[in-house]
Amino acid sequence: MRLLVLTIILTTFVQATIPAEVPDAKGEELYREFCSKCHGSNLEGGNAPSLVDGIWMYGLDKIRNITFGIAQQGMPAFGDALSKDQIEAISRFIDESAHSLGAARPPIPDTLYTYDYDILVQKWVEGLEIPWAIAFVDSTTTLITERTGRLRIVQYGVLSPKAVENTPAVIAQSQGGLMDVAIDPDHGQNGWVYLAYSHALVDTSQTRPPAMTRIARGRIREGKWHDHEVIYDAPHDTYQSTRHHYGSRIVFDSSGNLYFSVGDRGRSGEAQDLSKPNGKIHRILPDGNIPTDNPFTADVEALTTIFSYGHRNPQGLAVHPVTGEVWSAEHGPMGGDEINIVRRGDNYGWPKITYGRNYNGTLVSQHERLPGMVQPVLFWRPSIAVCAVEFYQGRSFGKWENRLLVSALAYEEVRLLAIENNRVIHQEVILKNAGRVRDVTNGPDGAIYVVLNSPGTVLRLTPIVEDDGF
Ligand code: HEC
């Protein structure tokens, strides 16, 4: 009897002390058998990188990387050899080992070293809540959206503690909320500011009201949103109860047309349906009217705002400073992120063609190309989770004129793409592992501004030695 009591006490004690401290036993065995020959017997790295240094080159989703592998880099896929439970056990073992070795996220560096410049990194604004986009009104005033629904003002580099009042209500669930902010090209004359956000229909009979991307404009006076005008309201019967793939980036071309993206809203087939707004890039005039030369104005079935179709979730749009064409960056499925040049009336193929697969490894389509569907300028396999893009314009980084700045969420990167004749001829990662990057742009001062998701921070990048004019 006494022995039994003692055993119970002992087992209870042992069970209570195991979890947080001792790495997952099953995971450890599996790690030794399947992973240690490349990643090192203590996870410290060897033929393959360390798994305990806090750096995740391929994003934070270890389970996905272990299951599907990173074929191009020699990381095998274990989805067939190991069960889901086994992969989860290994992943827990990695987390626990990293924790017990005291590995933490590396601090944001003060200096970045690139081919062309040594760069000073400053934390320009801190304390934001899931910032989504940044736009410069002029050399003193900047607007930043927070996905939760607030529009923030930075004046002379100082974040105003109060958000702009009276901005439109948004449905901030999952990927949705207040998304892009854009400044009218004639803002000095007309004062217009544009917002893209997730709008839900008020319907008390439904616990999950349908929602869609909406575009509105207004003017900011004395910290308040005035003159609110909805300039794009999707047909209400096309609203969806899903909460992802809203697209939501806004740009203007040099003729003053406004382009915005709407993701497929999780209904991939509708990206091919011209009577549906999702999975499209739209083009309107800044007051919401429709340009007479939009491609589908003569088609009675089609929505006349559509400019191009067959897109999955484009969260990046930028106008090429020389050609004037609109470039988009879109989240693909696993291994199918794309950069496209968006042309009038063209079909970009989603989901009929793609370089990606579903996240469970199954095929989206067996086609990577089909006649009548446009190929991307570039695709990323594995996906980097490409978000905002912007062509660099400014004096500070003179050698980077017209190069494309690219932000990546999962990979936590800012990349710089050199482009010649609409071909990407070089890619360089200029910032890595500072956090998920939601937006990247250059300010009127020529500095590069990087919007990090969490903790909500804007970094300001400037060259340590300015260009000398040669
Ligand atoms: C044949 C060698 C090899 C084996 C075996 C192997 N890996 Fe890898 N692994 C790699 C390589 C190579 C990379 C990518 C290296 C690079 O790009 O620098 C990688 C990358 C990774 C990454 C992504 C790291 C990051 O920075 O994002 C994870 C996670 C990972 N491996 C986990 C595992 C686990 C868990 C196992 C065992 C189930 C395993 N690997 C087995 C070679 C291997």
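**The iron site and strand 8**

Good morning. The six donor atoms around the iron atom of the ligand subtend angles of 87 to 179°, which makes their arrangement octahedral. By octahedral I mean six donors with opposite ones over 155 degrees apart and all others between 65 and 115. Donors are N, O and S atoms within 2.8 Å of the metal, or 3.2 Å for Na, K and Ca; water is not among the atoms, so sites may look incomplete.

The model is a predicted one, in which local features need pLDDT of at least 70 and side-chain atom pairs count only at pLDDT 80 or more, while totals for chains, interfaces and linings use all residues. Residues are numbered from 1 along each chain as its sequence is written, and side-chain values use heavy atoms, with hydrogens and water left out.

From the protein, the iron receives His39 (NE2) and Met75 (SD), at 2.0 to 2.1 Å. His39 belongs to helix 3 (residues 36-39) and Met75 to the loop between helix 4 (62-68) and helix 5 (84-100), so the pair ties together parts that are 36 residues apart in sequence. Helices here are DSSP runs of H or I with at least four residues, strands are E runs of at least two, and both are numbered from the N terminus. His39 and Met75 are both buried, that is, under 20% relative accessible area with a 1.4 Å probe and protein chains only.

I turn to the surroundings of the ligand. Of the 20 residues around it, Cys35, Cys38, His39, Tyr58 and Met75 come nearest; a residue counts as near if one of its heavy atoms lies within 4 Å. By class, this shell has 17 nonpolar, three polar and no charged residues. Nonpolar covers Ala, Val, Leu, Ile, Met, Phe, Trp, Tyr, Cys and Pro, charged covers Asp, Glu, Lys and Arg, and the others, Gly among them, are polar. A polar side-chain atom of Tyr58 lies 2.3 Å from an oxygen atom of the ligand, and a backbone N or O atom of Met57 lies 2.8 Å from an oxygen atom of the ligand.

My last topic is strand 8. Eight of the eight residues of strand 8 (residues 193-200) are buried, so the strand is largely enclosed by the rest of the structure. Val193, Leu195, Tyr197 and His199 point one way, and Tyr194, Ala196, Ser198 and Ala200 the other. Strand 8 pairs in the antiparallel sense with strand 7 (residues 178-183) over four bridges, pairing being at least two DSSP bridges. Eight bridges join strand 8 to strand 9 (residues 211-221), again antiparallel.

Technical notes: Tetrahedral: all angles 85-135°; square planar, octahedral: opposite > 155°, others 65-115°. Buried < 20%, exposed > 50% of the residue type's maximum accessible area, 1.4 Å probe, protein only. Polar contact = N/O pair within 3.5 Å; in protein donor to acceptor, adjacent residues only side chain to side chain.
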